[in-house]
Amino acid sequence: MKEQSDIVRAYQRYLKLQRGFSPNTLEAYGRDLQKLLAYLEHEGKSVMTVELPDLQHFAATLHDIGIGPRSQCRILSGVRSFYRFLQLDGYRDDDPTELLESPVLGEHLPEVLTVAEVDALEASIDVSKWEGHRNRAIIEVLFSCGLRVTELVTLKLTDLFLEERFVRIMGKGSKERLVPISKKAIKLLKLWFVDRNLMNIKPGEEDYVFLNRRGKHLTRVMILLMVKQQAVAAGITKTISPHTLRHSFATALLEGGADLRAIQALLGHESIGTTELYTHMDMTVLKQEIMKHPRNGKPQKAHSEE
């Protein structure tokens, strides 16, 4: 069987000679294919062993790292073209992209979970397993703090100020922000810390909040797979990712009456235009009450932005 690099070169010749693509188009297809190859290398897969679930996870990862729907569609179109070529030229008997869906284009807010659905997500986690308390804490911190998944996996113990009920987040562009944290998130973190304190933690990893079994900090892909697996376990049929919990955080704040500028600050959006995406909602559902997140119960003066 040919090496993967030989197969890629054969595909590039096919695009140039049989499809007649221009140099710029060839370069674009090559860049997009490299995204897939890098993902597969990280997952220990090859283009010949890929199955539909692998490609679905790849597609979900594109969304989770912030690639827009239009760019996602372009990348996945290139992936389909590549696997059609592999089938056409006899490298594979099947085309694993046949049932691979692309995101729907258009300006709309991605899926949002209700508080009850987040509760169901957490309740579906088996806390008798080693990672149970950790995974519950991860979901709750994502939902009650509205973190990006990258911000979650890089969260440090020295960023937690649990007595004061806030966390320090280093966001995009190394911009720091302070975000209130709910009582429930604090409770679940403390349960996780009981297990964490019994671990053999790798040197240099001691300050990371969330660790894997080997005592190293988690990756974005690990969080993505965990959230998707728990959605299935909880019977949630929506297509969700860790980013869904961030959207749910912002939507819950808006429904509670929070000002867009406050939501912008909590999410770490540089532009208010990004935050205004959430105003797609029917304004009749907005409550005339102090802005709050449902996790925080009765409003407290020290946390009026919640």
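Which helices do the buried residues of H5 pack against? The legends below answer this and related points for a predicted model.

**Figure 1. Overview of the predicted protein, with its twelve helices and three strands.** The protein has 306 residues, of which 47% count as buried. Its accessible surface comes to about 16000 Å², and carbon and sulfur atoms account for 52% of that surface. Among contacts between residues at least 6 apart in sequence, 61% join residues at least 24 apart.

**Figure 2. Helix H5 and the helices that its buried residues pack against.** Helix H5 comprises residues 115-123, and its buried residues are Glu117, Val118, Leu121 and Glu122. These residues cover an arc of only 140 degrees around the axis, which puts them on the same side of H5. The buried residues of H5 pack against helix H6 (132-145), helix H8 (183-196), helix H9 (220-233) and helix H10 (242-255). The face of H5 turned away from the buried side carries Ala116 and Ala123, both of which are exposed.

**Figure 3. The open sheet formed by strands E1, E2 and E3.** Strands of a sheet pair through backbone hydrogen bonds, in either a parallel or an antiparallel manner. Here the three strands follow the order E1-E2-E3, and the pairing is antiparallel. Strand E1 (160-161) and strand E3 (176-180) are the edge strands, since each pairs on one side only. Two bridges join E1 to strand E2, which consists of residues 166-170. Within E2, Val167 is the bridge partner of Leu160.

**Figure 4. Arg165 in the loop between E1 and E2.** What is the phi value of Arg165? The phi of Arg165 is near 65 degrees, a positive value in a residue other than glycine. Is Arg165 buried or exposed? With a relative accessible area of 9%, Arg165 falls under the 20% limit and is therefore buried.

**Figure 5. Helix H2, its cover and the glycine just after it.** The buried residues in H2 are Gly30, Asp32, Leu33, Leu36, Leu37, Tyr39 and Leu40. The cover over these buried residues includes helix H1 (4-18), helix H3 (52-64) and helix H4 (69-88). Just after H2, Gly44 takes a positive phi of about 75 degrees.

How values were computed
Residues are numbered from 1 along each chain as its sequence is written. This is a predicted model: local features need pLDDT of at least 70, side-chain atom pairs count only at pLDDT 80 or more; totals for chains, interfaces and linings use all residues. Side-chain values use heavy atoms; hydrogens and water are left out. Helices (H or I, at least four residues) and strands (E, at least two) are DSSP runs, numbered from the N terminus. Buried means under 20% relative accessible area, exposed over 50%, partly exposed in between (1.4 Å probe, protein chains only). Contact means heavy atoms within 4.5 Å. Accessible areas come from the Shrake-Rupley method with a 1.4 Å probe; for residues, only the protein chains shown count as cover. The arc is that of the directions from the helix axis to the C-beta atoms. Two strands pair if DSSP finds at least two bridges between them.
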